[in-house]
Amino acid sequence: MNIKTQRKKGTELLINVTPTEARVALVEHGVLQEVHIERRMKRGLVGNIYKGKISRVLPGMQAAFVDIGLDKAAFLHASDIVPHTECVADVEKGNFVVRDIAELVRQGQDIMVQVVKDPLGTKGARLTTDITLPSRYLVFMPGSSHVGVSQRIELEEERQRLKNITLPYVDDDGGFIIRTAAENIGEDELAQDAAFLRRVWAKVSERRKRKGVILLYQDLALPVRIIRDFVGTELDHIQVDSRRTYAELQQFVQEFMPEIANKIEHYAGPAPIFELYDVENEVQRALGRKVELKSGGYLIIDQTEAMTTVDINTGAFVGHRNLEETIFNTNLEATQAIARQLRLRNLGGIIIIDFIDMLSKEHQARVLESLNAALALDRV
């Protein structure tokens, strides 16, 4: 039996764990949509919280370099320094406007920061002082007295219900953002999340008293983190090929997400788990600069430190009517492929898409509408 036909169609997470790395693939109806890779010796830094030290202030750039214990100094811009952090205690807490970096921080100062962007090329990590701690349904915001609700929860009555439940958990330590996954969730689950986040914050606050540059908080390992962040997704199966990771996931979900415990399976099939749905080959194709379209057209994707560019070409696609129709159909097909590639490659920042020029305003509007609809599926 072909291994690709052994599973039911649906939404599935495939988790491959080796001694050197962990890989997670999100497959929807047999098609790879996202892939996440974390190497044990080079884990991503995004979400990590550090007690760092200002090593240099650059007034001309309105920024500072911060030593957080890495080879390269990290980068903190004045716009990423928020008023409720200790580094701006002397700044008015009312109508906060970005002020001169020299008024906000000083060389040699200790500062608590969180990584928002991993180092890339010659650039160090990007930092913020706006600390957040995520859990299943809530995000804790130290120093805030605010309760926010995800914009993806649209029903006003539900938004207000969630706010009313969460408001009592706000105190001098901080406030919360209510995540999309909290929609229609009961009070007990939200209370458990709030208590969990306060325990984590208490540990961070205790470690912060130590001297020197130190890692205060590191996000969960990739398999557990993915399970937590996909809680709002209708997952049909979660397969993991490592017994140890399977046991860790079961322990985590029994405590925080018991309703999905029966969806986690230990995969012990005859072929590697990433051969399901041809995931291995799809991952290799996702690393390529050129992405073929079914029609015969193709994309060229170039990622640099500053931005990602996507160029669309008709290639071998000559169409059946005229050039304008060929261009329109190529651009339309490209919108779906681009949205999928952004998820597959986990691309963010500035993304420039060079569609093939279209004369028809109607065609332009339909291509833009198609792109927006395709991007709406992206959780990021």
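The close-up views described here are taken from a predicted model.

**View 1. Gln62 in the loop between strand 4 and strand 5.** Strand 4 covers residues 49-58 and strand 5 covers residues 63-67, and Gln62 is placed in the loop that lies between them. Although Gln62 is not a glycine, its phi is positive, at about 55°. Most residues other than glycine have a negative phi. With a relative accessibility of 22%, Gln62 counts as partly exposed, because the range for that label begins where buried, meaning under 20%, ends.

**View 2. Asp278 in the loop between strand 15 and helix 6.** In this view the loop runs between strand 15 (264-266) and helix 6 (279-286), and Asp278 lies in it. Asp278 has a positive phi of about 60°, although it is not a glycine. The relative accessibility of Asp278 is 21%, and this residue therefore counts as partly exposed.

**View 3. The packing of helix 4 and helix 5.** Helix 4, made of residues 222-229, packs with helix 5, made of residues 243-256, at an angle of about 35°, and their axes are 10 Å apart. The crossing of these two helices is right-handed. From helix 4, the residues Pro223, Val224, Ile227 and Arg228 take part, and they meet Thr245, Leu249, Phe252 and Val253 from helix 5. Sorted by class, this contact has six nonpolar residues, one polar residue and one charged residue.

**View 4. The packing of helix 7 and helix 8.** Helix 7 (residues 323-345) and helix 8 (residues 361-375) have axes that come within 8 Å and cross at roughly 15°. The two helices are therefore roughly parallel to each other, since angles under 35 degrees count as such. Their crossing is right-handed. Among the residues of helix 7 that make the contact are Glu324, Phe328, Leu332 and Leu342, while those of helix 8 include His363, Arg366, Val367 and Leu375. By class, the contact of helix 7 with helix 8 has eight nonpolar, five polar and three charged residues.

**View 5. Confidence along the chain.** The mean pLDDT of the protein chain is 85, and 90% of its residues reach 70 or more. Over residues 1-8, however, the pLDDT is below 50, and this stretch has 15 contacts in the model beyond near neighbours in sequence. Residues 84-94 also have a pLDDT below 50, and that stretch has 25 contacts beyond near neighbours in sequence.

Methods
Residues are numbered from 1 along each chain as its sequence is written. This is a predicted model: local features need pLDDT of at least 70, side-chain atom pairs count only at pLDDT 80 or more; totals for chains, interfaces and linings use all residues. Side-chain values use heavy atoms; hydrogens and water are left out. Helices (H or I, at least four residues) and strands (E, at least two) are DSSP runs, numbered from the N terminus. Buried means under 20% relative accessible area, exposed over 50%, partly exposed in between (1.4 Å probe, protein chains only). Axes are lines fitted to C-alpha atoms, for helices over the stretch in contact, and angles run from 0 to 180 degrees between N-to-C directions. A crossing is left-handed if the near helix is turned anticlockwise from the far one by less than a right angle, and right-handed if clockwise. Contact means heavy atoms within 4.5 Å. Ala, Val, Leu, Ile, Met, Phe, Trp, Tyr, Cys and Pro count as nonpolar, Asp, Glu, Lys and Arg as charged, and the others, Gly among them, as polar. pLDDT is the predictor's confidence in each residue, from 0 to 100. Angles under 35 degrees count as roughly parallel, over 145 as roughly antiparallel, 65 to 115 as roughly perpendicular and the rest as oblique.
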